[in-house]
Amino acid sequence: MAKKGSNTVILKPSEETTLASRGYKLLNKLGEGSYASVYLAEIIGGNEKDKTNKTLACKILDVSKAPKDFVKKFLPRELDILVRVNHPHIIHIHSIFQRKSKYFVFMRNAENGDLLEYVLKKGPVSEGQARVWLRQLALAVQYLHNMDIAHRDLKCENALITSNFNLKLADFGFARFVTDNKGRKVTSTTYCGSLSYAAPEVLRGMPYHPKIADIWSLGVILYIMINKAMPFDDTNVKHLHEQQMNRRWKFRSKVIDLLSDQVKLVTVNLLEPDTGRRWRVEQIIKSEWVNMDPRLKDMSEGEESALTQALVDRKNYIDNLNKKATNEKKFGNEEVKVLKANEPDLTMPKFASNATIIEAD
Ligand SMILES: Nc1ncnc2c1ncn2[C@@H]1O[C@H](COP(=O)(O)OP(=O)(O)OP(=O)(O)O)[C@@H](O)[C@H]1O
């Protein structure tokens, strides 16, 4: 994402001291989103293990500057999900601190920026590279979906590229659990994410299945990677919806003859307006196109074990919801806890990953 505003860190001296006492120093700005700025961070001191990989990225979310909806609904969800996820193709969270109205999310730094910057700078991605990257994103999405989490903001700006040119999915600002305490599917009505990547059913404003809508966004990402263009003109929402529903998009003339039939088939099936016919994430992973590269036929050990863990975590999540519902029935409805600016959300889990949420002084 383009850097906006000042490139230097604007921290209060007391914030700098707090971060330094935890072993972090913020450097220049890496990117900026709606309610967050992301900085390069340095580990100062630390043990030998930390020293080997000295830089991190730090996302600073300031709730004093954010709307109520974000503070009460989206931010608690984002933090809750961030501490649970652990997958080779999802950006690794190092630690999360809260100090007064600010949250500091320290995570792995993606040295090669985001996918949009990459495509804009380097042009269309080769089919071989797009295959590797779409598969990595699809595996990350499959993992999330198995945990019953929908990302709801899949876009090139949220696909980060590491120094080894691996993609890591980031930004869980719109992500949510999509099952209730009986394991039943919950539909969404909230319009989330970016217009250019939103599925037609999301634009319609009717209840939609967020996991299926995620797949459309993967289709837009694939299209952008191989064309260096957007599939639809999104200057007018009504017109955008019409184009989506009538499949009015085409591969750019510059690349159409270079692309394989297999990649075209994947794109067509992801940008499928009929949600019943749109491919599911497993179909991407098992597609002929992905499997044209023999290295991608099987999951790595890390990919496989993360997927297995997702199902265990999903079960634990639903069991916990069930327990909570039973207790509420027994002891009456507890007051819903509201995340306040100066208060850590004590309901935040601390078990699922090595990330911790610590309230700094
Ligand atoms: N770990 C990271 N390493 C390198 N750059 C990063 C990292 N995390 C985020 N960025 C950069 O910062 C930008 C904004 O980050 P992020 O998407 O998390 O913020 P956001 O406020 O949630 O954004 P949005 O408004 O799009 O939802 C990204 O598009 C990317 O360019």
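1. Basis. This is a predicted model, in which local features need pLDDT of at least 70, side-chain atom pairs count only at pLDDT 80 or more, and totals for chains, interfaces and linings use all residues. Residues are numbered from 1 along each chain as its sequence is written.

2. Overall make-up. The protein chain has 13 helices and ten strands. Both are DSSP runs, numbered from the N terminus: helices are H or I with at least four residues, strands are E with at least two. Of the 361 residues, 36% are buried. Buried means 20 or more other C-beta atoms within 10 Å of the residue's own; 12 or fewer is exposed, and in between is partly exposed, with C-beta atoms placed from the backbone. Take the contacts between residues at least 6 apart in sequence: 67% join residues at least 24 apart. A contact here means that two C-beta atoms, placed from the backbone, lie within 7 Å.

3. Strand β4 spans residues 93–99, and five of its seven residues are buried. Its partner β5 covers residues 102–108; the two run antiparallel and are joined by six bridges. Strands pair if DSSP finds at least two bridges between them. Ile93 has Met107 of β5 as its bridge partner. Two residues lie between the strands, and Lys100 in the turn has a positive phi of about 50 degrees.

4. The α7–α10 pair. Helix α7 (residues 210–227) packs on helix α10 (residues 261–270) at about 140 degrees, with the axes 8 Å apart. Axes are lines fitted to C-alpha atoms, for helices over the stretch in contact, and angles run from 0 to 180 degrees between N-to-C directions. The two helices are therefore oblique to each other. Under 35 degrees would be roughly parallel, over 145 roughly antiparallel, 65 to 115 roughly perpendicular; the rest is oblique. Residues in the contact include Trp216, Gly219 and Tyr223 of α7 and Val263 and Leu270 of α10. By class, the contact has nine nonpolar, two polar and no charged residues. Ala, Val, Leu, Ile, Met, Phe, Trp, Tyr, Cys and Pro count as nonpolar, Asp, Glu, Lys and Arg as charged, and the others, Gly among them, as polar.

5. Leu271. This residue sits in the loop between α10 and α11 (281–285). Leu271 counts as buried because it has 22 C-beta neighbours inside 10 Å. Beyond its neighbours within four places in sequence, Leu271 contacts Trp216, Gly219, Tyr223, Pro231 and Trp249. Leu271 and Trp216 are 55 residues apart along the chain, yet their C-alpha atoms are separated by 5.5 Å.
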